[in-house]
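Visitor: Before any labels are handed out, I would like to see the model. Then tell me what each label rests on.

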Amino acid sequence: MTQTLTIDCHGHFTTEPADFHAHRAAQIAHAQGRGDVPDPYAGIPDEELCEIITANQLRLQRERGSDVTILSPRASGMGHHVPGQHTANEWARLSNDTIARICELFPQNFAGVCQLPQTIEGELGPMIEELERCVEAGFVGCNLNPDPSGGQWSAPPLPDPWWDPLWDALERLDVPAMIHVSASCSPALHTTGAHYLAADTAVFMQLLAGDLFERHPDLRLIIPHGGGAVPYHWGRYRGLAMMLDKPPLAEHLMRNVFFDTCVYHQEGVNALFSVIDPSNILFGSELLGAVKADDPETGHPFDDTKRYIEALQLDQKDRHAVLGGNARRVYPRLDARLAAQGR
């Protein structure tokens, strides 16, 4: 067994400077016919990027005892509902190039996961091109939005053959996808408190009802936020699999589907581990993510999720798997990168 590196599979760059946000606001205004073409934006200067990362993501990584964070652009900022493929392409490229720069500046601490240039009516071709570009640049996976509409669910379900070219590309490149929606476009759906968790749950049911992994046996998908409501309703899904004449979940889905530990209280993490096999669970914290507050009941930040895992007192094998071994298995390009670093 190799040394256990603590790998956080779910991190976002959410500390962008004001100029970065201003450029995106101008881009959206232009795409929606409310503004001129935005001025060119050269990206965040290296010196500023170093200061931001050192003061935030890197500081928390060190304080909370993790070694590597799989980092992607801000999920709610992907904005796949914004019209126009050209805008989506430019925004994904800028966002991903920023992540790539962070990984180059801190190669021991961060590995990149890319944002795809999805749109509501868009095609898969630009998504695959950006995925290939990013993997060639060293990215180890991607985030995939199953609902670019931001709450209307107008896209085909993930097992639909429409998605097959993307699944083929993921298998060919040997990279996984984390299923992650972007911001909600409905006032009835709070982005992080409802839309994210509802999407996690909806996608699991899509996968259960379909035959995706029969057609793509090497595909690996991570459902974040502890799998949404899935572990809590595991009996419902086992029963639905029987009613839909599907194989048991362990055979039908759990060779290809993984959950992270972005569950922000001990009782929730206990429930996750009581239902889901540790071989299907990846340590994740969502830093800096959805809930930036301290829990008055514990005195610790809600999103300090390693603390909950340590409290489980897993045996050495399971602890190694959850904190890092599973991530190296699910993200083989990350494993290769770490191995090349002698880790």
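Guide: Start with burial: buried means under 20% relative accessible area, exposed over 50%, and partly exposed in between, with a 1.4 Å probe and protein chains only. This is a predicted model, in which local features need pLDDT of at least 70, side-chain atom pairs count only at pLDDT 80 or more, and totals for chains, interfaces and linings use all residues. Residues are numbered from 1 along each chain as its sequence is written, and side-chain values use heavy atoms, with hydrogens and water left out.

Visitor: Why is V135 called buried?

Guide: The relative accessible area of V135 is 7%. The limit is under 20%, so V135 counts as buried.

Visitor: Where is V135 placed, and which residues is V135 in contact with beyond its neighbours within four places in sequence?

Guide: V135 belongs to helix α5 (residues 125–136); helices are DSSP runs of H or I with at least four residues. Contact means heavy atoms within 4.5 Å. Beyond those sequence neighbours, V135 is in contact with L173, V175 and R333.

Visitor: What makes F20 and W91 an aromatic pair that is tilted?

Guide: A pair of aromatic rings is described by the distance of the centres and the angle of the planes. Rings of Phe, Tyr and Trp (its six-membered ring) pair if their centres lie within 6.5 Å; planes under 30 degrees apart count as stacked, over 60 as edge-to-face and the rest as tilted. A search of the whole structure finds eight such pairs. For F20 and W91 the values are 5.4 Å centre to centre and 50° between the planes, hence tilted. The pair links distant parts of the chain, with F20 in helix α1 (residues 18–31) and W91 in helix α4 (residues 85–105), 71 residues apart. Both F20 and W91 are buried.

Visitor: What kind of aromatic pair do W162 and W163 form?

Guide: Their ring centres are 4.9 Å apart, with 90° between the planes, and the pair is edge-to-face.

Visitor: How do you know that the radius of gyration agrees with a compact globule?

Guide: The radius is taken over C-alpha atoms, and the globule rule is 2.2 Å times the number of residues to the power 0.38. For 343 residues a compact globule would have a value near 20 Å; the protein has 19 Å, which agrees.

Note on methods:
Helices (H or I, at least four residues) and strands (E, at least two) are DSSP runs, numbered from the N terminus.
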